[in-house]
Amino acid sequence: MPARRVVPCLDIDDGRVVKGVRFSGLRDAGDPVESARVYEEQGADEIVLLDVSATPQGRAHNLGVVDRVRRVLSIPLTVGGGVRQVADAARLLEAGADKVGVNTAAVIRPELITEMSERFGAQCTVLAVDAARSDTGWEVVVESGSRRTGLDAVEWCAKAVSAGAGEILLTSWDRDGTGLGYDLDLVRAVCSRVSVPVIASGGAKTPEHIVDVLAAGAAAALVASILHDGVTTVSELKRQLIAAGVEVRP
Amino acid sequence: MRDVVVVPTGTANLASMLAALRRVGALPRLARDPSDVADASHVVLPGVGSFGAAAAALRRAGLRDALVDRVSARKATLAVCVGMQLLAEASEESPGAGGLGVIAATVTRFPDGTQVPQIGWSSVEPASGLDLIHPGWAYFANSYRLPTVPQGWLQATSEHGGRYVSAILRGEVLACQFHPELSGVWGTSLIERWLASTGEAA
């Protein structure tokens, strides 16, 4: 089993890192190239780059940012946002992504997952899911959280893995940007249903939150606000994870 | 100036490998014909995607035989992930597809009950004699791997559902199941060492 990963996420809007709460009220949080470089130096295991305004604005991902981040980055780069067809994923890979996340477009047309997986491999095909709590469990929300789909999030993850997704980037819409901790029940529910690695996202504020979500079964913990705001660093988080007995890359 | 040629396999995203080579001061170019593969001081065979698709792409591009000759002659070659697997004869991933056949083996899937694909960082432990690889952490993204150490090659191993061969070296041919181009400072320094310590045979 590989070590558990700490994965900084850069939400990109108009070439800048932004962060909001529950996908809204975006504030500027720096330059993506500089942020990616600093996080790698601090010991980040991977960087996720999400173009958060691509799908709402109906355009493709900003390739220039991917290219500029790739040049400085010697750890894996996962890119999502605005991927509607295989050709979009191919362009992101050519620009320097190692893995491509697909979200809204896969909900509309699940075959996209299979097409990407067959062309680029499962290890390159990441299903990004935004899940909001509902009366019966969790519901998939799309278009950066602006539309509910009625789709059960756990079942959707299982279906996507059967279709060829090699990894799941699982974001709790309820917890995103709140600092209330990850939605551990959501992570447990998905991890017990699928065999592929799950990257948990949404709600991290303290090292304990990260310890808890890795114990709940996540292979990786996504972190954003607490790094961008300078509350902590990847190196400090990893020190605390090691102290708590979690195996991470030192 | 070292002449570094990267073999396009059609399925691979080359950007990460090209960026890594540029960061260590190399000026990589893509292989266009067999003479590029034969004559370069250094050749990189990256690999993302399936064994069958990559093997077919090498044949279509007419680069297969030049690669077989180069690896057999132990000239400086870096084969990564599916690139390493392509050295074998075949793979469970793509029944019927033929690899380069330099290694008499069939690539197999990780055992049942092991998380597949393996995605993430694992430690790499070189056996004695493989000084090019230092002990450290590397990034892996794979579901298949060589089942055993091929005869005549030095090895490094890693753990995922049991110990397995994560890198091999023979002459100046280094094959890694992990991605040195994505393995941070450790991976970058491995690429640098491979570039610096090899290339004399060409």
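## Strand pairing in chain B

Two strands are said to pair if DSSP finds at least two bridges between them. The model described here is a predicted one, and in it strand E6 of chain B, residues 103–109, pairs with E9(B) in the antiparallel sense over 2 bridges. Within this pairing, B:Thr108 stands opposite B:Arg145 of E9(B). Both strands belong to an open sheet of 3 strands in chain B, which has the order E5-E6-E9 and mixed pairing. Its edge strands are E5 (88–91) and E9 (144–145), each of which pairs on one side only.

Chain B also contains an open sheet of 9 strands, again with mixed pairing, whose order is E2-E1-E3-E4-E12-E11-E10-E7-E8. The edges of this sheet are formed by strand E2 (29–30) and strand E8 (136–142) of chain B, each pairing on one side only. At the E2 end of the order, strand E1 of chain B, residues 4–6, and E2(B) pair in the parallel sense over 2 bridges, and B:Val6 has B:Leu30 in E2(B) as its bridge partner.

## A covered strand in chain A

Strand E1 of chain A, residues 5–13, is mostly covered, with 9 of its 9 residues buried. In a regular strand the side chains alternate between the two faces of the sheet. Both faces of E1(A) are covered: on one side the buried residues are A:Arg5, A:Val7, A:Cys9, A:Asp11 and A:Asp13, while on the other they are A:Val6, A:Pro8, A:Leu10 and A:Ile12.

Which strands pair with E1(A) in the parallel sense, and over how many bridges? One is strand E12 of chain A, residues 220–223, which pairs with E1(A) over 4 bridges, and here A:Val6 stands opposite A:Ala221. Another is strand E4 of chain A, residues 47–51, which runs parallel to E1(A) and is joined to it by 4 bridges, with A:Ile12 opposite A:Asp51. Strand E2 of chain A, residues 16–21, runs antiparallel to E1(A) and is joined to it by 3 bridges; in this case A:Ile12 stands opposite A:Val17. The hairpin of E1(A) and E2(A) has 2 residues between the strands, and in it A:Asp14 takes a positive phi near 55°.

## The largest nonpolar core

Nonpolar side chains tend to be buried together in soluble globular proteins. In this model the largest nonpolar core has 157 residues, and those with the most contacts inside it are A:Ile168, A:Ala218 and A:Ala221. Leaving aside its neighbours within four places in sequence, A:Ile168 is in contact with several residues, including A:Leu127, A:Val129, A:Cys157 and A:Val190.

## Helix H5 of chain A

Helix H5 of chain A, residues 111–120, has as its buried residues A:Leu112, A:Ile113, A:Met116, A:Ser117 and A:Phe120. These residues lie on the same side of H5(A), because they cover an arc of only 130° around the axis. They pack against helix H3 (86–95), strand E6 (99–102), helix H4 (104–108), strand E7 (125–133) and helix H6 (153–163) of chain A. Just after H5(A), A:Gly121 takes a positive phi of about 100°.

## Where the chains meet

The contact between the chains takes 27 residues from chain B and 29 residues from chain A. On the side of chain B that touches chain A, at least two residues are supplied by each of helix H1 (15–23), strand E7 (118–126), E8 and helix H6 (184–197) of chain B. The residues of that side divide into 12 nonpolar, 14 polar and 1 charged.

Key
Residues numbered from 1 in each chain as written. Chains lettered and ligands numbered in written order. Predicted model: local features only at pLDDT ≥ 70, side-chain atom pairs only at ≥ 80, totals over all residues. Core = buried A, V, L, I, M, F, W, Y, C linked by C-beta atoms within 7 Å. Buried ≥ 20, exposed ≤ 12 C-beta atoms within 10 Å, placed from the backbone. Contact = placed C-beta atoms within 7 Å. Arc of directions from axis to C-beta. Nonpolar A, V, L, I, M, F, W, Y, C, P; charged D, E, K, R; others polar.
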